[in-house]
Amino acid sequence: MNKTRQRDLGTPVSTASGTVRVEIDGLPATVKAGSTIMRAARESGVDIPKLCATDSLKPFGSCRMCVVEVEGRKGYPASCHTPVEDGMQIRTQTDALAKLRRNVMELYISDHPLDCLTCSANGDCELQDMAGAVGLRDVRYGFDGANHLDAPVDASNPYFQFDASKCIVCSRCVRACDEVQGTFALTIQGRGFESKVSAGIGEDFLDSECVSCGACVQACPTATLMEKSIVDHGMPDHKVITTCAYCGVGCSFQAEMKGDQVVRMTPWKDGEANHGHSCVKGRFAWGYASHRDRIMKPMIRDNTDDPWREVEWDEAIQYTAKRFLEIQEQYGRKSIGGITSSRTTNEEVYVVQKLVRAGFKNNNVDTCARVCHSPTGYGLKTTLGTSAGTQPFDSVMDTDVILLIGANPTAAHPVFASQMKRRLREGAKLIVVDPRKIGLVRSPHIEAEHHVTLSPGTNVPVINALAHTIVKEGLVDEQYVKERCDLESFEAWKDMILKPENSPEEVAKVAGVDAQTLIDAARLFGSANNGSIYYGLGVTEHSQGSTMVMGMANLAMATGNIGRSGVGVNPLRGQNNVQGACDMGSFPHELAGYRHISGEEVRTEFENHWGVTIDPEPGYRIPNMFDAACAGEYKGMYIQGEDLAQSDPNTHHVEAAFSSMECVVVQDLFLNETAKFAHVFLPGTSFLEKDGTFINAERRINRVRPVMPPQQGKDEWRITQEIAQAMGYNMNYSSAAEIMDEVAELTPTFRNVSFKFLDEVGSVQWPCNDDAPMGTPVMHIDQFVRGKGLFVETDYEPTEERTNRKFPLLLTTGRILSQYNVGAQTRRTENNTWYPEDILEVHPADAEMRGIQDGKLVSLASRKGDITLRAKITERVKPGVVYTTFHNPETGANVITTEYSDWATNCPEYKVTAVQIAPAEHRSAWQEAFAERAKKQGRIAETT
Amino acid sequence: MARTRVYVPRETAAVSMGADEVALEIARVNKASGSDVELIRNGSWGASWLEPLVEVEVNGVRIAYGNIAVDDVQGLFDAGFLSGGEHDKRLGPVNEIDYLISQDRWTFWRCGLINPLSIDDFIAHQGFKALEKSFADGAEAVLQAVADSGLRGRGGAGFPTGIKWRTVANAEADQKYITCNADEGDSGTFSDRILMESDPFGLIESMAIAGFAVGATKGYIYLRSEYPLAHKVLLRAITAARESGWLGENIQGSGFDFDIDLHLGAGSYVCGEETAMLESLEGKKGIVRYKPPLPALEGLFGKPTIVNNVVSLASVPNIINLGAERYAGMGVNRSKGTLAFQLAGNVKRGGLVEKSFGVTLRELIEEYGGGTASGRPVKAVQVGGPLGAYIPEEELDVALDYEAFIEIGAMIGHGGIVVFDDTANMAQLARFAMEFCAIESCGKCTPCRIGSTRGMETIDKIINGQEREENYDLLVELCDTMEGASLCAMGGMTPYPVRSVLKYFAEDFAPSAGAQR
């Protein structure tokens, strides 16, 4: 058996309680009640043969290899679907069973190619293993009979192939697509001997509904569904458990290796966030790590119009330190700063903010969470007391009603979306609040009870209207509020919420929705036993982002929906370590653990440890940095793993800011958009080379383990450390583990965390300290972290960004499944097969009025700028709303967006921009300039 | 003078033999001759060999004329058949025809007698009496009566109906279902069809009783698509029952709600297997589920569900009306009551014969069937559909009794009896068993999916004399594998006919056997 294969107990764990006593092959065993015989036996160390069973799927009973004998029963029950009973005497090996199994295997092999030696699954094939286990020596039927040996190979998917000639029709792929992924893209076509796996109705995999999550490939026991990387390279020889570096779900993977080459990434079954599931990004799109675009040598240049010059590490670091020191000397201590990244490890983040606070001696550090979930931190801290979501992902399995606001989980958090869909198929109800008809509104076996198709920018009135109905109709959990919340604030909130402008009827006019839908949705949520709120950037990226987060927390508290499994306020974090980056003290006003920089006691603790004096004044936020740069006061910047030039709003302003800086240092895998304005490029490491931790959306601290040495020669934390040293601050870690040890020492919520502990227990959710030695899955159980839950009044202040005759439409932005954020990674993989360019979704009515045709170019103009992209005419958006993604730099979606931002946190208002669209024939002026600059500023000098 | 009632069956067998044309001709001649005929399309009495069986009611007695063709009609009028006149094809009063009066009509007693589409006619013949009695006596009394009657599932498995009903009644759920399995796919069977076409309200009443007994408010009839006439009849009957308050909310003021939907199959034999039928009813592909969980506890849409055959259900009203003891008093051993045997194949007098258990195959084939149609000796009889064993002539004295049949490696199944004369090549019939399985297997489990095709191929090799002994042994092992390891009875019982041929007719596998003829 292949060394990387994960243990398979055959059928899912029993959910029943208690145990029963059975006898398996004469030996007594105490097993979980409700288990199948197969699971009970495997847990007792007896491996009954099997093919169609796998513990990620419900029993099916088709292969009949797992038959057993049970004392007192006639026939040969299949162990995968026969439950254990107390006193049952089971025999798993008898002459009769051996014969049955061998004869069934003989039938299988009579319709299977005998090419084991040259088969891609050689050494990792359950059919091969079972043929060996049952001692098949001969196929007496011969091979002249009917067979499927000539069935064609479908290689349409870029990452895996489907070789129908090797299919044993166990349906594991079909069931995985249904039960695990919830897409229902596969089926068994035909019946009897003609049964065959089919994607859709006779389509190939690429053209079908398949989302390429890999669940079918993972489930396949043979070479039928096989990763092309394995077909090309052969089987892995060892594995390393690590954490995916894409979204905030934080899936655990095993990197399957051949020497230091990754040949496959497979989801790890023991991963608490993903339970063995994956999506097209984590499972397959890791090739960017070795893409030819990746920069492997440090580079410097004095002028951004010069070509890059490759240098040794030492020169690059000394150059950086020298330039920063010179700038500080000339323009003052606060004229430089740094940006941490949600894409890097906690340890890497921590040293960057430490470099800024201790080395730059100011607090000009910020992080990309600024532009995504900063309102979450602010809003949840204010109301509940902690800047984080309240639940583990598994909590969704206990929920009855899900209120999903401004999030598109099937695209942006696909693995969690699959879990959510499983719960919805079990009967939980769904309310979607989104201007767009996202996948969860209606998909196979899923239909939202209510879809509130609000206009972009009207989240706050909508949440107020829901609360209005709940208060008015007596659906408030009075006892919960009385026991757990601040009553004075509750009364004030109640008065505010009952104001006429917050009634569903009034809000309906503002938000462009139906009042009855608001009332029905409120009643459904208000009457749920367990109501949970899940949300994404559709909540935060507004000028009222923080208000909305607090509005949701108010609603959850008022309905008693915080503090147990199945409820809560749950931010779906965009990036792999956005939670961790915030936890590590990346914000200009907070030290690790969300403690304000002005706090004397906290500062002293850090000062003593770091041996420096820390500035008690908060530093610049990202937008302040840009403003200061344009004002000539901010001249140098150390940017780790974030592409501000592409991802931040109002590109013209950002570009102007960068152009005015004297030393921009970019540390990244690729020459990204920001690097075009940079003077120093420090090559970074991919997640496959990192040693550290990521923290996902459920506060889970997962280990990231290196599967290969840093390909550019240096760990990223070492780069930062060496810059600090070169600037005169003695940062001196000898390992990433030491960095986490320091975090734990200085941060109460991380007190018990260490690499060693994580390696022992797998993962923990913070707070993890002496009060919660194994971490804290559900927060605020008996009381809120802040003591009494605080209701905050959420009056609606509309954004300044308004539509008018010139800009009559609202643009909102989002993501697509196959691409990730600015696309730096996914655009360098085969994921481009699905979504090669950003497109603009336009409602047919808006298109018709303007003569816009499907698939043709349109210009998209706002008060800030204009770009050109292709239109897709679709009813997914409502009339008056257009939608696009920001995955491709050449599109320049942020040329359009404005500098309006959240009142509390400056999180940009990406989700609301007034625009006009018109048919176009060529690229916009900015796009032309972009192409020009790409040619000029991305040049690397020929090495001499 | 009152109009003369003439009955022409509207039942598939009769229609296929020209009953519709005969009815039209009677109407034509009636008009032309100035007679005053009230033409009634009744169901069938089940004597298919006499179809079209035309009856004339004369002074309250229904005089039968058998095998009437269009060409006979004018002659019948000329012979004064409207007053029971003598004619070559006159059979005398229908209730004196031996084939019919010697039967034990319990379930099928209204078939042929009434106009299937007339709810009044149905009510005039005890219709809905049992349902009203059930309302009066209560659900517990119904459950007890069904249990006491000893009724067993007539679809083929013979599971005690009372236990099934009790299990569903005891299950706690917000919704329960009654499903009627009318996917009558066994070769040589037609009893469900005759009942649905001849007494549809009887089935509706039966399902309502079942619903009342177990607490189900919704029923489904899963009807095979090959029964278009039954489909039309049932749809009209369901509509009529709804319109007259015998289906729907608060049936006849009883406080009990029950309604029925009709679902057409899509031509898959295996959808007659109860779990595959449930999958199909749920809108999914008809593949078999493993058990447990039993459908009685987790059936349609995961809810407690009764899955009963048409005949099982239709046997219940008389158990309520006439008493469980009477039903239990018929039959032998653990096989109580009656079964609607269906004589088909090479038999002179094919048709439906409802008899108490205990009757022998020989009695059925010789006394009712009148021997083979060809007049040649009987060679084998297949009982219980395509998965039933071939019983040789020398075993025909075995009494029809579930347990007695199991002892000889056979099964009664749904009561289909297909007769073969001595020209039958039994090796080809063994092959057909495998072929049938290969065509109809749902494809879920391996022994059935691949085994049936390999079985066909292996039998071909034996017949062709390729490594005969090895392949003979392999076939026997394959039968063991399919029987021991298949998920459902489809693959599990396909070996029955094959084994019976190996046991009784091994000589037909000789290479020369095919050449002889």
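**Reading strands, helices and cores**

Me: Which way do strand E33 (residues 839-842) and strand E35 (residues 866-873) of chain A run, parallel or antiparallel?
Reply: They run parallel, joined by 4 bridges. Leu840(A) has Ala871(A) as its bridge partner in E35(A). In general, strands of a sheet pair through backbone hydrogen bonds, in either a parallel or an antiparallel way. Here two strands pair if DSSP finds at least two bridges between them; strands (E, at least two residues) and helices (H or I, at least four) are DSSP runs, numbered from the N terminus.

Me: Before we go on, what kind of model is this, and how is it labelled?
Reply: This is a predicted model, where local features need pLDDT of at least 70 and side-chain atom pairs count only at pLDDT 80 or more, while totals for chains, interfaces and linings use all residues. Residues are numbered from 1 along each chain as its sequence is written, and chains are lettered from A and ligands numbered from 1 in the order in which they are written.

Me: How many bridges join strand E34 (residues 857-862) of chain A to E35(A)?
Reply: There are 5, and these two strands run antiparallel. Look for Val858(A), which stands opposite Leu869(A) of E35(A). With 3 residues between them, E34(A) and E35(A) form a hairpin.

Me: What is the strand order in the open sheet of 7 strands in chain A?
Reply: Read across, it goes E14-E13-E28-E27-E26-E15-E16, with mixed pairing. Strand E14 (309-310) and strand E16 (365-367) are its edge strands, each pairing on one side only.

Me: How many residues of helix H12 (residues 274-281) of chain B are buried?
Reply: Count a residue as buried if 20 or more other C-beta atoms lie within 10 Å of its own, with C-beta atoms placed from the backbone. In H12(B), that gives 8 of 8 residues, including Met277(B), Leu278(B) and Glu279(B). These buried residues pack against strands E6 (177-182), E7 (218-223), E8 (259-264) and E9 (305-309) of chain B. After the helix comes Gly283(B), with a positive phi near 90°.

Me: Which residues have the most contacts inside the largest nonpolar core?
Reply: Nonpolar side chains tend to be buried together in soluble globular proteins. A core is a set of buried Ala, Val, Leu, Ile, Met, Phe, Trp, Tyr and Cys residues joined through C-beta atoms within 7 Å. The largest one has 452 residues, and Leu404(A), Leu466(A), Leu518(A) and Ile204(B) have the most contacts inside it. Helix H10 (residues 200-214) of chain B gives the most to this core, with 10 residues. Take Leu518(A): leaving out residues up to four places away in sequence, it touches Val452(A), Leu466(A) and Pro504(A), among others. Touching, or contact, means that C-beta atoms, placed from the backbone, lie within 7 Å.

Me: How many residues does each chain give to the contact between chains A and B?
Reply: Chain A gives 27 residues and chain B gives 25. Helix H2 (residues 95-109) gives the most to the chain A side, with 5 residues.

Me: To finish, how many helices and strands does chain A have?
Reply: It has 29 helices and 37 strands. Of its 944 residues, 60% count as buried. Its C-alpha atoms fill a box of roughly 90 × 75 × 65 Å along the principal axes.

Methods:
Contact = placed C-beta atoms within 7 Å. Buried ≥ 20, exposed ≤ 12 C-beta atoms within 10 Å, placed from the backbone.
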